[in-house]
Protein chains: 2
Amino acid sequence: MDAPLHYLAGAAAIDSLPLAAVVGVARVIEIRNPEMVTRGELLPHDIQPGERLLFKTGNSEHCWDSEDFCADYVYVGLDAARYLADKAVRVVGVDYLSVGGFKQDGPETHRILLEAGIWIIEGLDLRGVDPGSYELICLPLKVLGGDGAPARAVVRRIR
Amino acid sequence: MDAPLHYLAGAAAIDSLPLAAVVGVARVIEIRNPEMVTRGELLPHDIQPGERLLFKTGNSEHCWDSEDFCADYVYVGLDAARYLADKAVRVVGVDYLSVGGFKQDGPETHRILLEAGIWIIEGLDLRGVDPGSYELICLPLKVLGGDGAPARAVVRRIR
């Protein structure tokens, strides 16, 4: 997980993460764009303030089964990041190693989300998870002053 | 958390932990003995097979507020460890750094529990947790082949 401090000097560290941000209902949204998450693809999903969103992209199919680093992973584009910031979602999770692109938009996407107080979960293995609503439980290590921390995250069906 | 591999060569590593072992109803039991958890003190608690048990000892009051290492922490004594193994509980959690004593019974207590297939959670901060039943969520990092892993653990009231 990335805390605001990951990109913003003096901002909140991972030990100040409210557990309510990462424990609760989350929505897994399927992303079809093979390059990036775009505002246009998010629009029909009626995203609400405070939502926890996990994006299941082509990364789930293409990246996790490879031993090699997947440099062309699908990331959250700038217009999508701004849209999510405007919507004031609570958490954004992605199914590969960074929420920003490896070749472009990496720092900018992080900054837009983190400045909006959105907590970032990276590296989710969503291969076995269909789109829909779940209970998310993501518990990062409580690293004092850390700009981020490794976390174990699970989803379970809502009973 | 300690996996069986922590003391038993060739035994299960932490990446094989079934999440059902550490996510579900758990019972916080108050321990009054100031030296160790004993079989005698556990007897009245009607411990059942498969239970997740977290022991709240004097450690919660005496050890966590100190900057110094608390060498005389309350641990799980050998007779209690054998009793828990006989009862086939699923998880044992303790409120300081080791389930076994620092000065005695450390390895033996671990071995008895781990040989019985009991997963061990150490280092729980139970200061704010009253005895009773809760939902436990303890998610260790999935360290491949690890004999243990750091974990974040929370309890919440059962609704």
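**Notebook: the A–B interface and selected residues**

Leaving aside neighbours within four places in sequence, I found A:Arg152 in contact (heavy atoms within 4.5 Å) with A:Ile137, A:Cys138, A:Leu139, B:Leu19, B:Leu139, B:Pro140, B:Leu141 and B:Lys142. I note that this is a predicted model, in which local features need pLDDT of at least 70 and side-chain atom pairs count only at pLDDT 80 or more, while totals for chains, interfaces and linings use all residues. Residues are numbered from 1 along each chain as its sequence is written, chains are lettered from A and ligands numbered from 1 in the order in which they are written, and side-chain values use heavy atoms, with hydrogens and water left out.

**Entry 1: A:Arg152**

I placed A:Arg152 in strand S8 (residues 151-157) of chain A. Helices (H or I, at least four residues) and strands (E, at least two) are DSSP runs, numbered from the N terminus. I then looked for a salt bridge, meaning a side-chain nitrogen of Lys or Arg within 4 Å of a carboxyl oxygen of Asp or Glu. A:Arg152 has none, although it is buried. Buried means under 20% relative accessible area, exposed over 50%, and partly exposed in between (1.4 Å probe, protein chains only). The nearest side chain of opposite charge is B:Asp15, 8.6 Å away; Lys and Arg count as positive and Asp and Glu as negative, with His and the chain ends not counted. What does the side chain of A:Arg152 reach at 2.7 Å? I found the backbone oxygen of B:Pro140 at that distance.

**Entry 2: chain A against chain B**

I recorded 13 residues of chain A in contact with 13 residues of chain B. The area buried between the two chains is about 1,300 Å², and carbon and sulfur atoms give 65% of that area. Buried area is the accessible area (1.4 Å probe) that two parts lose on being put together, summed over both. Of the area that chain A buries against chain B, A:Leu139, A:Leu141 and A:Arg152 supply 50%, more than any other three residues.

I counted two salt bridges between the chains. The side chains of A:Glu135 and B:Arg156 meet in a salt bridge at 2.5 Å, N to O. On the side of chain A that touches chain B, the elements giving two or more residues are strand S7 (132-140) and S8. By class, this side has nine nonpolar, no polar and four charged residues. Ala, Val, Leu, Ile, Met, Phe, Trp, Tyr, Cys and Pro count as nonpolar, Asp, Glu, Lys and Arg as charged, and the others, Gly among them, as polar.

**Entry 3: B:Ala153**

I located B:Ala153 in strand S8 (residues 151-157) of chain B. B:Ala153 counts as partly exposed because its relative accessibility is 28%. Apart from neighbours within four places in sequence, B:Ala153 is in contact with B:Leu124, B:Ile137 and B:Cys138.

**Entry 4: helix H4 of chain A**

Which residues of helix H4 (residues 78-87) of chain A are buried? I listed A:Ala80, A:Ala81, A:Tyr83, A:Leu84 and A:Ala85. Their cover includes strand S3 (52-56), strand S5 (91-94) and helix H5 (106-115) of chain A. Just after H4(A), A:Ala88 takes a positive phi of about 55 degrees.

**Entry 5: further positive phi values**

B:Ala88 also has a positive phi of about 55 degrees although it is not a glycine. I found B:Ala88 in the loop between helix H4 (78-87) and strand S5 (91-94) of chain B. For A:Asp46, phi is near 50 degrees, and this residue lies in the loop between H2 and S3 of chain A. A:Asp46 is exposed, as its relative accessible area is 54%.

Conventions: A polar contact is a pair of N or O atoms within 3.5 Å; within protein, one must be able to donate a hydrogen and the other to accept it, and residues adjacent in sequence count only if both atoms are side-chain atoms.
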